[in-house]
Amino acid sequence: MPGSPFDSGPADDATAVVYLFASFRLVPSQQMLLDGDVRVLIGGRAFELLTALVERRGELVTKQELMARAWPRAVVEDSNLKVHIAALRKALGKAPNDQRFVATVVGRGYQFVAPVEREAIPSGADLPQAPHAASHNLPAALVRPVGRTGTIRTLLDRLTRARILTVAGPGGIGKTTVALAVAHQREQAGRHDVWFVNLSRLSDARFVPHAVAHAMGLAVHSDDILQALTNTFRLQRRPQLVVLDNCEHVIEAAAVVAEKLIAAAPCLTVLATSREPLQATGEHVYRLEPLESPPDSVSLTMAEALRYSAVELFVARAEAARGGFMPTDEEAPLLARICRRLDGIALAIELAATRLDAFGVRELFELLDDRFGTLAQGRRTAPERQKTLLATLDWSHQLLPEAERVVLRRLGVFPAAFSLESAAAVASDAQLTHAGVIDAIASLVAKSMLSANLSHASVRYRFLDTMRDYARRKLAEAGELNALRRRHAEHFVALYARVEDCWNRPPDERWLSDHLPTIDDVRAALGWAFSPQGDAALGIGLTVLAIPAWIRASSLEECRGRVEEALRHAQALPALEAERMRLYTALAASALYTRGMVSQVEAASRHALAIAQRLGDTGFQLRSLFPACCGLVYAGRHRDADALLETFRAIASTSGDEDAMSEGSRLTAFAWHHMGRQAEARQLLAGVLEAFDAQCRQSQLSDNHVSGREGTRSLMASVLWFQGCAERALEEAYRARRDAEASGHALTIGYVLVFAFIPLTFHAGDLDAAEEALDILQDCVAKNGLALFDAMARGLHGALLIERNERQGLTILHDALAQLEREHLGMRQTLFAGLYAHGLLRFGRRADAQAAIDDALARAKQHDELWNLPELLRIAGEIRAASGGGAAEGLFTQALDVARQQGALFLELRAAKSLARLKHAQGESDHAHALLSAVCERFPSNCAIVDVREARALLDSLRAAD
């Protein structure tokens with residue numbers, strides 16, 4: 001093209017083209033954009049737009065040209081182009097010196113303004129390849145896996161043939177170290193995503209699926225966490241490796257999880273570590289043997305001894321503990337005997353080696369020999385290796401000063417990593433000061449009995465699992481276990497009371513990284529508090545304080561379970577009314593999204609409301625009513641919802657709570673919209689949006705639910721569409737989606753896609769946009785366990801397939817309707833029922849279609865779900881017309897009348913089209929033309945949605961028939 005900085009035409013068959021700008025490489029032939037060596041993930045349409053702009057760098061590319069390039073077979077709105085250009089700009093960032101890559105030429109189009117170089121690569125030459133960086137959560141390796149090279153190689157080889165591979169062996173033998181080394185090699189190869197799941201901190205086997213979800217960083221809102229995980233892994237395109245570490249105390253649950261995951265995801269493998277096999281279907285077991293020790297020989301040299309892995313490990317750890325350690329040939333036989341006495345157990349060898357900072361090899365051997373003699377009469381039923389390991393631990397403990405022994409055993413009360421502040425608060429007392437605890441911790445870290453994680457801004461400390469078990473045993477022997485567990489629980493009650501308000505503030509990543517891990521401590525404290533030796537009142541108080549933390553961690557299912565447990569204990573403590581009020585409120589909100597059990601939501605809200613009324617707490621009256629209102633709306637019980645919302649709005653108005661009034665108006669508009677009261681719903685929503693824009697606020701009542709602003713925009717888009725304002729409706733839907741995705745809030749993303757974006761793009765005839773958004777919705781539902789939206793996502797999927805004339809859509813839509821009924825989710829059930837009846841008719845199943853539409857009409861009238869009644873009547877008329885029945889005209893006319901009464905111009909148009917076709921077939925073309933043209937004229941001339949295009953085409957054919 002004249003004036004272009006380079007030939008913009010495509011390369012011939014002998015070459016491929018790569019465009020270079022800033023740090024990016026664009027390879028159109030491979031549909032690939034690289035930033036350095038990292039692939040930039042952008043959608044197919046955004047890629048086409050970028051290619052078109054780069055090919056004509058410096059020139060204006062009009063909106064019409066770009067839309068023709070990205071949507072070659074569809075007519076779309078300008079708003080579609082704006083959304084994809086915005087996504088493209090976000091992916092590219094900014095050019096050097098803050099120069100934007102893509103400039104807007106107002107009213108005309110866009111221009112690529114950054115310098116571009118073009119390279120033609122001959123056929124056969126290597127094109128740029130995008131490395132696929134593996135996703136993982138692997139912790140940094142604290143030590144090198146000495147002496148296990150052959151084992152690691154064998155495990156990697158076995159993982160190519162086994163779906164479940166368990167590394168089994170006694171505690172302290174090095175199973176975790178080996179598993180981490182294997183995982184790191186898999187991750188570094190770049191072909192697998194790798195997820196390390198530490199199960200040692202779990203005290204309840206029910207939460208094994210939660211641990212896997214947490215390791216992957218998934219925010220799951222589901223009653224069935226395991227099903228959400230299987231859905232997530234089934235959708236992954238890359239091979240996955242899940243490492244289940246320390247399974248022995250939750251072995252049955254770990255086996256179930258492993259079996260379910262490999263059954264769901266063909267490209268997933270599980271590597272487990274346990275003291276015994278999982279006994280899972282398809283499991284392969286690798287018995288991790290002790291490190292090899294030299295035979296007893298007085299002539300052994302150090303060169304010979306170092307050929308054995310046990311001695312190699314001992315020397316490596318001793319060199320780390322005592323710089324410059326160089327054992328002599330005379331000491332080689334003693335080192336060999338030490339390793340044999342320790343049975344080649346890696347942890348025992350490491351603990352012994354660290355003592356060489358205080359003793360020589362011979363002294364160490366003599367001390368070790370004496371301790372073994374003392375512990376020779378241990379528990380008869382204990383495995384020999386466990387006796388040896390316990391003897392080694394006991395010996396290491398004996399070498400500690402008394403203050404360090406006390407701190408060591410008291411720190412055993414922590415279930416996982418802990419902060420210095422928490423350690424000092426829990427371990428100190430009148431005899432042992434904070435300063436003394438801190439000094440002891442520093443010494444224990446130096447002696448490798450405690451690990452310090454320095455990778456975060458705030459240092460956290462942790463025990464090796466076996467050492468934690470040993471410390472807790474010593475705590476019990478000292479008679480301090482129950483007292484320390486109480487002190488531990490009281491500390492976290494005080495901590496959570498101090499930071500309670502911080503959970504509801506905008507996320508501070510550093511603050512969250514410091515405080516989210518303490519949920520493990522909350523779990524341990526609650527386990528003690530609700531035990532026979534515990535303090536139920538303390539546990540109830542801690543549960544109440546931890547509710548915001550579970551919500552922040554998106555662990556609504558665990559929140560629900562913990563709240564239910566606290567409520568069971570609270571029944572015996574009637575004085576804790578305020579606590580029970582907060583527990584019932586949390587139960588209602590968490591149950592709503594994880595179970596969809598409206599009866600449970602209503603009961604919990606009712607209990608919370610009664611207490612709030614007795615206490616005169618209007619804030620919690622509103623908080624307790626809100627999930628009940630949501631539950632009724634989601635159940636499709638719009639009349640009941642409207643009545644309860646009237647109470648909600650009255651309380652909010654009396655108390656002057658503007659946030660609650662806004663949320664009440666939004667929910668009321670939702671109910672009115674589905675009752676067919678479109679004008680009233682629109683007026684309410686306009687007021688809510690005006691308040692949001694004016695005050696720049698976010699309703700606190702929505703923190704545990706859908707974002708108020710994006711939820712309101714979604715409803716406004718749906719109302720506008722029904723009223724025939726198609727362009728404005730699509731603009732609102734696109735804006736709501738953009739803002740929801742920017743927030744990253746899974747519930748809000750699902751809500752926007754389900755209630756606005758996908759239905760509207762579907763009705764507009766942009767099936768590609770609807771399908772692209774459906775992929776995102778299904779992924780969001782699977783990853784986050786959004787039970788509330790699962791059935792509707794399936795329904796939308798089925799409807800799209802039917803629209804593409806794929807018969808399997810009928811089965812999917814039928815199953816979705818059954819799921820909605822089973823889960824008591826009535827919202828928009830009539831929409832899917834109508835689509836199902838329409839699909840049955842499309843594929844010639846007229847009798848089934850008639851039965852389906854009759855059921856849908858009965859449900860719509862029973863629940864006042866009248867918003868879609870004109871469409872159901874129209875579909876009923878189409879079924880009758882296809883069957884040759886005489887009632888079709890009456891049904892079409894009734895559909896027109898109801899649509900006009902509701903002000904639903906979009907549905908009026910659809911009914912008018914059906915009636916016009918019927919009148920034309922009856923020879924009344926003039927009547928048909930007058931009827932349809934009167935409706936079409938009320939749409940803007942530039943409206944290009946599929947129904948308007950079809951109506952105008954029908955009008956042309958009617959004119960031709962005259």
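The model is predicted: local features need pLDDT of at least 70, side-chain atom pairs count only at pLDDT 80 or more, and totals for chains, interfaces and linings use all residues. Residues are numbered from 1 along each chain as its sequence is written, and side-chain values use heavy atoms, with hydrogens and water left out.

**Overall make-up**

- The protein chain holds 42 helices and 16 strands; helices (H or I, at least four residues) and strands (E, at least two) are DSSP runs, numbered from the N terminus.
- Of the 962 residues in the protein chain, 55% are buried, where buried means under 20% relative accessible area, exposed over 50% and partly exposed in between (1.4 Å probe, protein chains only).
- Among contacts (heavy atoms within 4.5 Å) between residues at least 6 apart in sequence, 68% join residues at least 24 apart.

**Nonpolar cores**

- A nonpolar core is a set of buried Ala, Val, Leu, Ile, Met, Phe, Trp, Tyr and Cys residues joined through side-chain atoms within 4.5 Å.
- The largest such core has 200 residues, and Leu411, Tyr496, Tyr634, Trp721, Leu777, Phe789 and Leu932 have the most contacts inside it.
- Helix H32 (residues 746–764) gives this core its largest share, 14 residues.
- A second, separate core has 52 residues, including Leu159, Ala162, Met302 and Val311.
- Apart from neighbours within four places in sequence, Leu411 contacts Phe418, Ala423, Ala427, Ile441, Leu450 and Phe463.

**Cavities**

- On a 1 Å grid over the protein atoms alone, a cavity is a set of points where a 1.4 Å probe fits but cannot get out, a pocket is an open set with protein on both sides within 12 Å along at least five of seven lines, and lining residues have an atom within 4 Å of a point.
- Grid points are joined across faces, edges and corners, and a volume is the space filled by probe spheres set on the points.
- By class, the lining of the second largest cavity has eight nonpolar residues, one polar and no charged; Ala, Val, Leu, Ile, Met, Phe, Trp, Tyr, Cys and Pro count as nonpolar, Asp, Glu, Lys and Arg as charged, and the others, Gly among them, as polar.

**Second largest pocket**

- The second largest pocket has about 660 Å³ of space.
- It is lined by 32 residues, of which Glu803, His838, Glu871, Arg874 and Arg910 are the closest to its centre.
- Two or more lining residues come from each of helix H30 (708–722), H32, H36, helix H38 (869–882), helix H40 (905–921) and helix H42 (946–961).
- The lining of this pocket divides into 14 nonpolar, seven polar and 11 charged residues.

- Helix H24 (residues 577–594) has 18 residues and spans 26 Å from first to last C-alpha, close to the 26 Å expected at 1.5 Å times one less than its number of residues.
- In H24, 15 of the 18 residues are buried.
- Arg562, in helix H23 (residues 556–570), is buried at 9% relative accessible area.
- Beyond neighbours within four places in sequence, Arg562 contacts Phe207, Arg523, Leu526, Thr543 and Trp550.
- Arg409, in helix H15 (residues 402–411), is buried at 14% relative accessibility.
- With neighbours within four places in sequence set aside, Arg409 contacts Glu402, Ala471, Lys474, Leu475, Ala478 and Glu480.
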